[in-house]
Amino acid sequence: MIPDKAPEDDVFHGGEEMRRGAHVPTFEKFKEMYMQSIEDPDKFWGDMTKDFFWKTKHTGRFLDYNFDVTKGEIFIKCMEGASTNICYNVLDRNVHDRRLGDKVAFYWEGNEPGDELTVTYRELLNSVCRFANVLKSQGVKKGDRIAIYMPMVVELVVAMLACARIGAVHSIVFAGFSAESLCDRIVDSQCSLLITADGFYRGDKLINLKLLADEALQKCTDKGFSLERCIVLKHLSKEEQDPSLGSPPAKRPCPDLQQETETGRVRKTRPVPQVPWNPQVDKCWHALMADSSDECEPEWCASEDPLFILYTSGSTGKPKGVLHTVSGYMLYTAATFKLVFDYRPDDVYWCTADIGWITGHSYITYGPLANGATSVLFEGLPTYPDVSRMWGIIDKYHVSKFYTAPTAIRLLMKYGSEPVQKYKRDSLKVLGTVGEPINPEAWQWYFKVVGDGRCPIVDTFWQTETGGHVMTPLPAATPMKPGSATFPFFGVVPAILNESGEELEGPSEGYLVFKQPWPGVMRTVFGNHGRFENTYFKKFPGYYVTGDGCRRDKDGYYWITGRIDDMLNVSGHLLSTAEVESALVEHEAVAEAAVVGRHHPVKGESLYCFVTLRDGVAFNHMLEVQLKNQVREKIGAIATPDFIQDAPALPKTRSGKIMRRVLRKIAGGERDLGDISTLADSSVVEQLFQNRCSTPV
């Protein structure tokens, strides 16, 4: 698990400046804490529970579980008997007990430079209580599922915390997903209400979110599930209007979205979307909030009550509703945030993720707020209005802890060091990466150029399912190897298995699994516990199976090698090949489709699609465009294929199974295919090589 001593070669050691004042100052102390977390988890985590308010205390074991499907139903229980409220702990406790009411909770930085907002903990608590009362006025009660489909605005945080305050279960859908994806998630979790916004800008691109939301609700109705309540936030439409006339009033003045704006030497006009309005369904966020009280008692929830559902792609093509519960998730996100980012009270922290993903749940909302941290909440893009935007924001708010994705780092690397070095960045102390393994070249650039060679990098490995970091360096405690997830976090026990399920010792490569739970791990797939067991526990009874391959080197460092199942990691977003294939074959021209990943210098992986057309259909540019649009509509823009290849036939075994290993080789232009003797017709391989795409469509 953890080597006896820190390695001395091929590593970056934290200097004295990195070590000074760190929560975990030495490798020896880290190892001591880790061993205690494994040998005496009740005491290790029990000490951390003292930082939180509990309406009732837990009884019995801190963690109880079964990971072995051969011994009965899989379950994980944490702190049974305890009750609390996570919203109370991240807001009321900070305002009233810790006297942090006037401390900034969020600096909101809009898409356009100059569009900004500062929100204190007291102001956030006030808004959350008012919106919690709004939800109750709409009939929302404990256990109800609430869909949230919003841009990166403070009101998104308000909505999710208001749900948590009254015991409702939030299901946030990334605002880049399509109407079809939103519909599927609403129907699967049987949501009783949708919260959305009129629209937002991502750089120059207008996203008319309300139109997409309305389309999703119509699709829900078509599928036999009618959701008849929708709360709409005015984010872009700023004019004061009477709600009775069909549109809600403005949120706040935003001059640079009302008139022409100047970015560099280019004058730009920002159109405001026309917001469709159905008075029988749509309710105005602002009108509802105006009449709402700022007093709202929290609903006290049992430890294992559900907190949120977040959908992640599944290898079957149907997204899985990952369910997290209250107490264990709260403890784990608070602990990982504090220790992995070496948090201290004067920090300004910035995670560039979207709250629609698990990173935003854990490390924009719950983890930072549980520690009373000040965070930057960013609506825009790293390249808009220019490629220095992120570094300017770091200087503007004196960001000390910065957490972003390798995709963003590789994108900005293309523009060289000059856009970075225009800014001081002298406030930075810790850098982090998330979403996918970072390649050593990007790690070095991040370390040397962005961090000036003085900031430790925490390269974090985790999943929607894990709730928080499970493999990560700790700043100043664990020497860094570029591209390595390093060691497990406290309470996490990894193992590497071969195909037969045997644990491998020493330097080895195979399936990454975990032998016991930690407080923040998922509890089930919403509405389908059998799928939970089959996906994560059936292949190797007694272990949680991550679905990732992993290599352990001679020093005990872990290196994530990528997905083993039919999943792709595109720009840090996990996509199911089956889901993309399903979207492609819905087109009337497509008889069969197979999707694999191809290396991309910025995204990490890109979608390379092979399509077999029906008899009499010709492959042409117009069809390519239609197929791309089909995937965008069914899944979202993030799943748009980079490559679509005409494949008159696919390489299959005699039993009819598509050999995706061969397709991956073809997509990458690699002629060394290995053993293809099991192919039913090996002649299709040469034809596929001849049809290869050399550039994205």
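Let's begin in the middle: the largest nonpolar core has 173 residues, and Leu-124, Phe-131 and Leu-161 have the most contacts inside it. A nonpolar core here is a set of buried Ala, Val, Leu, Ile, Met, Phe, Trp, Tyr and Cys residues joined through side-chain atoms within 4.5 Å. Helix H6 (residues 154-166) supplies the largest share of this core, 11 residues. A second, separate core of 29 residues includes Val-348, Trp-350, Val-420 and Tyr-446. "Buried" stands for under 20% relative accessible area, "exposed" for over 50%, and "partly exposed" for what lies in between, with a 1.4 Å probe and protein chains only. Helices (H or I, at least four residues) and strands (E, at least two) are DSSP runs, numbered from the N terminus.

A word on what you are looking at: this is a predicted model, in which local features need pLDDT of at least 70 and side-chain atom pairs count only at pLDDT 80 or more, while totals for chains, interfaces and linings use all residues. Residues are numbered from 1 along each chain as its sequence is written, and side-chain values use heavy atoms, with hydrogens and water left out.

Stepping back to the whole chain, the secondary structure comes to 21 helices and 32 strands. Of the 697 residues, 62% are buried.

Leaving aside neighbours within four places in sequence, Leu-161 is in contact with Cys-87, Val-90, Leu-91, Leu-124, Val-128, Thr-365, Tyr-366 and Leu-369. Helix H4 (residues 86-97) is mostly covered, with 10 of its 12 residues buried. At the start of H4, a side-chain oxygen of Asn-85 reaches to within 2.9 Å of the backbone nitrogen of Cys-87. After H4 comes Arg-99, with a positive phi near 60 degrees.

Next, the sheets. An open sheet of eight strands runs in the order E14-E11-E8-E6-E7-E16-E17-E25, with mixed pairing; two strands pair if DSSP finds at least two bridges between them. Strand E14 (282-284) and strand E25 (524-525) stand at the edges, each with a single partner strand, so one side of each has no neighbour in the sheet. Further in, strand E6 (residues 145-149) and strand E7 (residues 169-172) pair in the parallel sense over four bridges, with Ile-146 opposite His-170 in E7.

Strand E18 (residues 348-351) is covered on both faces: Val-348 and Trp-350 are buried on one side, Tyr-349 and Cys-351 on the other. Val-348 and Trp-350 also belong to the second core. E18 runs parallel to strand E19 (residues 374-378), joined to it by three bridges, and Val-348 stands opposite Thr-374 in E19.

Which residues surround Leu-431? This residue, in strand E21 (residues 430-433), is buried, with a relative accessible area of 0%. Not counting residues up to four places away in sequence, Leu-431 touches Phe-402, Tyr-446, Val-450, Gly-451, Cys-455, Pro-456, Ile-457 and Val-458. Phe-402 is 29 residues away in sequence, yet the C-alpha atoms are 5.0 Å apart.

Thr-460 lies in the loop between strand E22 (457-459) and strand E23 (494-497). Thr-460 is buried, with a relative accessible area of 4%, and a polar atom of its side chain lies 2.7 Å from the backbone oxygen of Thr-433. For contrast, Asp-40, in the loop between helix H2 (27-39) and helix H3 (41-49), is partly exposed at 32%.

Finally, the cysteines: the structure holds zero disulfides (pairs of cysteine sulfur atoms within 2.5 Å). For Cys-129, the nearest cysteine sulfur is that of Cys-296, 5.5 Å away. Cys-129 is buried, with a relative accessible area of 4%.

Notes: Polar contact = N/O pair within 3.5 Å; in protein donor to acceptor, adjacent residues only side chain to side chain. Contact = heavy atoms within 4.5 Å.
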